[in-house]
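Hi everyone, thanks for coming along.

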Amino acid sequence: MTEMTKRERVRAAISGDPVDRPPASLWGHDFLREWSNDELVGATCEQYEAYDWDFIKINPRWSMFPEAWGAVYSPPKEQTNQTLVSAALNELDELHDVVPVHAERGVFGEHIESTRLVVERTEGEVDVVQTVFSPMATVGLMFGHPRAFKQAAAEAPAAVHGAIARVTETIINYSRANLNAGASGVFYAPLQWASHANSTPDFYREFGRPYDLQVLDAIRDAEFNILHVCFNNNMLTDVLDYPVHAFNWDDRDESNASLADIWSATDKAVMGGVSRSGLGELGPDEIRAQASEAASVGSTRVFVTGGCSIPPHTTHENRAAVAAGARGN
């Protein structure tokens, strides 16, 4: 088969058409560089240019979402997570004060600009997707700890629904603004809430699913939307009807479904095959073997990626091994 362009390869893979090889990409936090928009764009494009990935997933600092509603974090001084200084929500009564915020100003405006700059720097040759946290995940982060959110949902469910609904308005507008800035789609993440380890199917159906579908329906015309289902023991099979183009999860975790199982259960594309923890612990030969195995799952509808954000200390050799394994080198 004639070699495809990156965009052709991605479109064929998500459509179930023949591909010359599976698309491949990795993404992860650079905790020290993601506090500056210029540095975030630089780190993102440097990785793309070094490994010639088939698509770019922008990996902003995760705290940007609660920051938009007033949470304060202390930037890290080494490659580790930021520290919460003050949560956006501390009392149940404050749920009524959660209102939509402007989706193109402040921290959201900065990251829409990062989308525009990455698209501009890559000259449109590659699909760029921006990370978007779900409304439920965002309100959960506003409380500073999952236990506080679950307690609020138990004690004041109507108030929690009201806050999530108002946050949904902003998340929709932010997602659309990124598409207008040149993104091909979003990397939509409910975080820990679509996992049996942290939630229940009933809890997620009440506080997560209705708002997820509002967001995803509002951007269903995008070309490349990805649902990332995080954590172990996840609820991926409960959301396979979501209107997205691909599913990403940690298929190497023994408590989650395998790449092959989900490939057989859906007509959407699947993304994964490379162990997130393994990228930081295994040697390049083992990583290349994982990537090669993932590439052989199906003739199409397969993307070779990590199961989540890769560890910052992932070596050059392991990153290159993913590219080599996906490309049959």
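Phe231 is in the loop that runs between strand S6, residues 226-229, and strand S7, residues 246-249. Keep in mind that what you see here is a predicted model. Is Phe231 buried, exposed or partly exposed? With a relative accessibility of 39%, Phe231 counts as partly exposed. Now look at the backbone. The phi of Phe231 is positive, near 70°, and this residue is not a glycine. For a bit of background, most residues other than glycine have a negative phi.

Leu191 gives us another case to look at. Leu191 is not a glycine either, and its phi is positive, about 55°. You'll find Leu191 in the loop between S5 and H8. The relative accessible area of Leu191 is 15%, and buried means under 20%, so Leu191 is buried.

Gln192 sits between strand S5 (185-189) and helix H8 (201-207). Gln192 has a relative accessibility of 14%, so it counts as buried too. Which residues does Gln192 touch, if we leave aside its neighbours within four places in sequence? They are Pro146, Asn198 and Phe231.

For a contrast, please find Asp93. Asp93 is in the loop between strand S3 (83-86) and helix H4 (106-121). Its relative accessibility is 63%, and therefore Asp93 counts as exposed. How far is Asp93 from Ser195 in sequence and in space? In sequence they are 102 residues apart, and from C-alpha to C-alpha the distance is 28 Å.

Next, the helices. Two packed helices are described by the angle between their axes and the distance between the axes. The crossing of H7 past H9 is right-handed. On the H7 side, the contact is made by His161, Ile164, Ala165, Thr168, Ile171, Ile172, Ser175 and Arg176. On the H9 side, Tyr211, Gln214, Val215 and Ala218 take part. Take a look at the spacing of those numbers with this in mind: an α-helix has 3.6 residues a turn, so residues three or four places apart point the same way. Sorted by class, the contact of H7 with H9 has seven nonpolar residues, four polar and one charged.

Now for another pair, H12 and H13. The axes of H12 and H13 come within 7 Å and cross at roughly 30°. H12 and H13 are therefore roughly parallel to each other, and H12 passes H13 in a right-handed crossing. From H12, the contact uses Pro284, Ile287, Arg288, Ala291, Ser292 and Ala295. From H13, the residues are Glu317, Asn318, Ala321, Val322, Ala324, Gly325 and Ala326. By class, this contact of H12 with H13 divides into eight nonpolar, three polar and two charged residues.

How many of the 11 residues of H13 are buried? Eight of them are, and H13, residues 316-326, is mostly covered. Among the buried ones are Asn318, Arg319 and Val322. What does the covering? That includes helix H2 (37-51), strand S8 (269-274), helix H11 (276-281), helix H12 (284-295) and strand S9 (302-306). Just after H13, Gly328 has a positive phi of about 75°.

Compare that with helix H5, residues 135-142. Eight of the eight residues of H5 are buried, so H5 is largely enclosed by the rest of the structure. Met136, Val139 and Leu141 are among those buried residues. After H5 comes Gly144, with a positive phi near 90°.

Let's finish with the cysteines. A disulfide is a covalent bond between the sulfur atoms of two cysteines.

Terms used
Residues numbered from 1 in each chain as written. Predicted model: local features only at pLDDT ≥ 70, side-chain atom pairs only at ≥ 80, totals over all residues. Heavy atoms only, no water. Buried < 20%, exposed > 50% of the residue type's maximum accessible area, 1.4 Å probe, protein only. Helix = DSSP H or I, 4+ residues; strand = E, 2+ residues; numbered from the N terminus. Contact = heavy atoms within 4.5 Å. Axes fitted to C-alpha atoms, helices over the stretch in contact; angles between N-to-C directions. Parallel < 35°, antiparallel > 145°, perpendicular 65-115°, else oblique. Left-handed = near helix turned anticlockwise from the far one by under 90°. Nonpolar A, V, L, I, M, F, W, Y, C, P; charged D, E, K, R; others polar.
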